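Reader: Walk me through this model, please. I want to know what each label rests on.

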Amino acid sequence: SRVGVHRASSSGGSVTMKQKAHVTCSRRKNRKAHFTAPSHIRRKIMSAPLSKDLRTKYSVRSVPIRRDDEVMIVRGHYHDREGKVTQCYRKKFRIHVERVTRDKANGQTVPIPIHPSKVVITKLKLDKDRKALLDRKNSAGKGKNSEKTA
């Protein structure tokens, strides 16, 4: 049988209650949930932060990325490259950005997969559902510490 380490023993004796009883803090279960997530949940996982000006305009920090958004890569070998999202590869948790490609040995060009957390959205493709999502997120943020009272 497996021997588990209990939460109480690792915290030095003081027992802290879990915040939510039905949410697991097990690394194993969280990894399983992440990698076996269905497509509609992968969409939310594949969210990207908005640029500074979009963040102030919409009062929203991040949104799920979609196909015709314009992004700027901020991490890795291709950082500071800008382009339009050509594909959201939900199966691999990656996006493909226009002109971020490499040539294979046989001359074929293939897109480089980029994780959505490593880009910022510089221009949103807005339709009625996206506008509704932004309004919803903005109205939900009113109760939080989004507004500074001085």
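**Labels and the values behind them**

Author: Start with a pair: Arg-130 and Asp-69 are both buried. Buried means under 20% relative accessible area, exposed means over 50%, and partly exposed lies in between (1.4 Å probe, protein chains only). This is a predicted model: local features need pLDDT of at least 70, side-chain atom pairs count only at pLDDT 80 or more, and totals for chains, interfaces and linings use all residues. Residues are numbered from 1 along each chain as its sequence is written, and side-chain values use heavy atoms, with hydrogens and water left out.

Reader: What makes Arg-130 and Asp-69 a salt bridge?

Author: The term needs a side-chain nitrogen of Lys or Arg within 4 Å of a carboxyl oxygen of Asp or Glu. The side chains of Arg-130 and Asp-69 come to 2.8 Å, N to O. That value is within the limit, so the pair qualifies. Arg-130 sits in helix α5 and Asp-69 in the loop between β2 and β3, so the bridge ties together parts 61 residues apart in sequence.

Reader: How many salt bridges does the whole structure hold?

Author: A search finds four. Another of them joins the side chains of Arg-66 and Asp-127, at 3.0 Å from N to O. Arg-66 is in the loop between β2 (62–64) and β3 (70–73), and Asp-127 is in the loop between β7 (119–123) and α5, so this pair also links parts 61 residues apart in sequence. In general, side chains of opposite charge can pair when their charged atoms come close.

Reader: Are Arg-66 and Asp-127 buried, exposed or in between?

Author: In between. Arg-66 has a relative accessible area of 25%, so it counts as partly exposed. Asp-127 has 29%, so it gets that label too.

Reader: Why does the pair Lys-128 and Asp-129 count as a salt bridge?

Author: Their closest N and O atoms are 3.8 Å apart. The limit is 4 Å, so the pair passes. Lys-128 is exposed, and Asp-129 is exposed as well.

Reader: What makes Arg-43, Lys-44, Arg-90, Arg-136 and Lys-137 a patch of positive charge?

Author: They gather on the surface. Lys and Arg count as positive, Asp and Glu as negative; His and the chain ends are not counted. Patch members have over 30% relative accessible area and no salt bridge, and like charges are joined within 9 Å. α3 (39–45) and α5 (128–141) are the elements that give two or more residues to this patch.

Reader: Where is Phe-93, and what stands out in its backbone?

Author: Phe-93 is in the loop between β4 and β5. Its phi is near 60 degrees, a positive value in a residue other than glycine. Phe-93 is at 6% relative accessible area, so it is buried.

Reader: And what is the phi of Arg-99?

Author: About 65 degrees, positive although Arg-99 is not a glycine. Arg-99 lies in strand β5. Its relative accessible area is 58%, so it is exposed.

Reader: Why is Val-97 called buried?

Author: Val-97 has a relative accessible area of 3%, so it falls under the 20% limit. Val-97 is in strand β5. Leaving out residues up to four places away in sequence, it touches Val-71, Ile-73, Gly-83, Lys-84 and Thr-86. Contact here means heavy atoms within 4.5 Å.

Reader: What about Ser-51: buried or exposed?

Author: Buried, because its relative accessibility is 11%. Ser-51 lies in the loop between β1 (47–49) and α4 (52–58). Beyond neighbours within four places in sequence, Ser-51 contacts Val-120, Ile-121 and Thr-122.

Reader: How many helices and strands does the protein have?

Author: Five helices and seven strands. Helices (H or I, at least four residues) and strands (E, at least two) are DSSP runs, numbered from the N terminus. Of the 150 residues, 23% count as buried.

Terms used: Patch = residues over 30% accessible without salt bridge, like charges linked within 9 Å, V, L, I, M, F, W, Y side chains within 5 Å. Areas by Shrake-Rupley, 256 points an atom, 1.4 Å probe, with all protein chains shown as cover. Charge placed at Lys NZ, Arg CZ, Asp CG, Glu CD.
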